[in-house]
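Here is a short note to read beside the model. Keep the structure open and find each residue as it comes up.

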Amino acid sequence: MTSAVPSFDLLPGAEGSPVILHVPHSARETPPEVRTGIVLDDGALERELDHIVDAHTAELAEAAAESARSTPWRFVNRLSRLVVDPERFPDEREEMLAVGMGAVYTRTTHLADLRPADSDPEPLIERYFRPYAKAMTAAVADRLAVTGRAVIIDVHSYPTVRLPYELHGEGPRPPVCLGTDSFHTPPELLAAAREAFAACGETGLDSPFSGTYVPLEFYGSEPRVSALMIEIRRDTYMTEPGGPAGPGLTRLAKALAALVDAAAR
């Protein structure tokens, strides 16, 4: 049995835009055939989703796309990261395996059991992870072919208070954290992000989360692919954990739209 829910959507932008807004962790949907492998009861699962989901980031990306002068492309995960996390390495290179949160999670944000420790991740990786990676790779390749470059802006959020699963959560937790990569994040993209989000509070660098998402086919080898991760502290726009969005979302959408327009130039 397979899920009737699409795993992801590629939402077209302006033909001449190199920008892809990537939204990997906004969804709560867990297909029934995946739910059976999760050991949490329904209440505990909902509480875990409250903590782990980057709530309202798909709406944030949509609002930014609508107000940007040059509409960016959007690649949006429609399934929960408890199905697979498309931004993890699917093998032993993934440092989050140390806390049971590789491409297929076996532990929760509070380090309780999510799946049996001996669960085989391969069926979920084959069904969900690899098609997602292939489609994102194709989306980036298309932008390279049409515009000569691609700019991936990864849209995330994070909790105000450190959760037990965080490996590097001891540092600053600014309103906006910018995750960078030494190869794929050019100084001008970083500067544009700092300027765009200046009205949203302090912008920090690579704390509490660092790095960017680039499909492995291009990672570390294709300089025409630029990437930046935007991590927004949740208390700036929503009620934690898992509650409704507030007026801060509008301010953040305007900032993200300004970054999109700067990156498209």
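Which residues of helix α2 (residues 42-52) are buried? Point 2 answers this, after a word on the ground rules.

1. **Ground rules.** This is a predicted model, in which local features need pLDDT of at least 70, side-chain atom pairs count only at pLDDT 80 or more, and totals for chains, interfaces and linings use all residues. Residues are numbered from 1 along each chain as its sequence is written, and side-chain values use heavy atoms, with hydrogens and water left out.

2. **Helix α2.** The buried residues are Ala-44, Leu-45, Glu-48, Leu-49 and Ile-52. Buried means under 20% relative accessible area, exposed means over 50%, and partly exposed lies in between (1.4 Å probe, protein chains only). These α2 residues span an arc of only 140° around the axis, so they sit on the same side of the helix. The arc is that of the directions from the helix axis to the C-beta atoms. An α-helix has 3.6 residues a turn, so residues three or four places apart point the same way. The buried residues of α2 pack against α1 (32-35). Contact here means heavy atoms within 4.5 Å.

3. Is its partner Gly-242 close in sequence or far away? Asp-50 touches Arg-28, Arg-234, Pro-241 and Gly-242, leaving aside residues up to four places away in sequence. Its relative accessibility is 21%, so Asp-50 counts as partly exposed.

4. **The whole chain.** Now step back. The protein chain has six helices and seven strands. Helices (H or I, at least four residues) and strands (E, at least two) are DSSP runs, numbered from the N terminus. Along the sequence, the order is β-β-α-α-α-β-α-β-β-α-β-β-α. The radius of gyration is 17 Å, close to the 18 Å that the globule rule gives for 265 residues, so the chain is as compact as a globular protein of that length. That radius is taken over C-alpha atoms, and the rule is 2.2 Å times the number of residues to the power 0.38. Along the principal axes, the C-alpha atoms fill a box of roughly 50 × 35 × 30 Å.

5. Buried residues make up 55% of the 265 residues. Take the contacts between residues at least 6 apart in sequence: 79% of them join residues at least 24 apart. The accessible surface comes to about 11,300 Å², and 55% of this belongs to carbon and sulfur atoms. Accessible areas come from the Shrake-Rupley method with a 1.4 Å probe; for residues, only the protein chains shown count as cover.

6. **Helix α3.** In α3 (residues 57-67), Thr-57, Ala-58, Leu-60, Ala-61, Ala-64 and Ala-65 are buried. Seen down the axis, they fall within an arc of 160°, so they line one face of the helix. Their cover includes β2 (19-23), β3 (73-77), β4, β7 and α6.

7. **Helix α5.** Which residues of α5 (residues 187-196) are buried? They are Leu-189, Leu-190, Ala-192, Ala-193 and Ala-196. Their arc is only 160° around the axis, which puts them on the same side of α5. On the other side, Pro-187, Glu-188 and Glu-195 are exposed. The cover over the buried residues includes β4 (150-158), β5 (176-179), β6 (203-205), β7 (225-233) and α6 (248-264).

8. **Backbone points to check.** Most residues other than glycine have a negative phi, and most peptide bonds are trans. A cis peptide bond joins Ser-207 and Pro-208, with omega about 10°. Pro-208 sits in the loop between β6 and β7. Asp-206 is in the loop between β6 and β7 too, and its phi is positive, near 55°. The bond from Glu-240 to Pro-241 is also cis, with omega near -15°. Pro-241 lies in the loop between β7 and α6. Leu-111 has a positive phi near 70° and lies in the loop between β3 and α4 (122-147).
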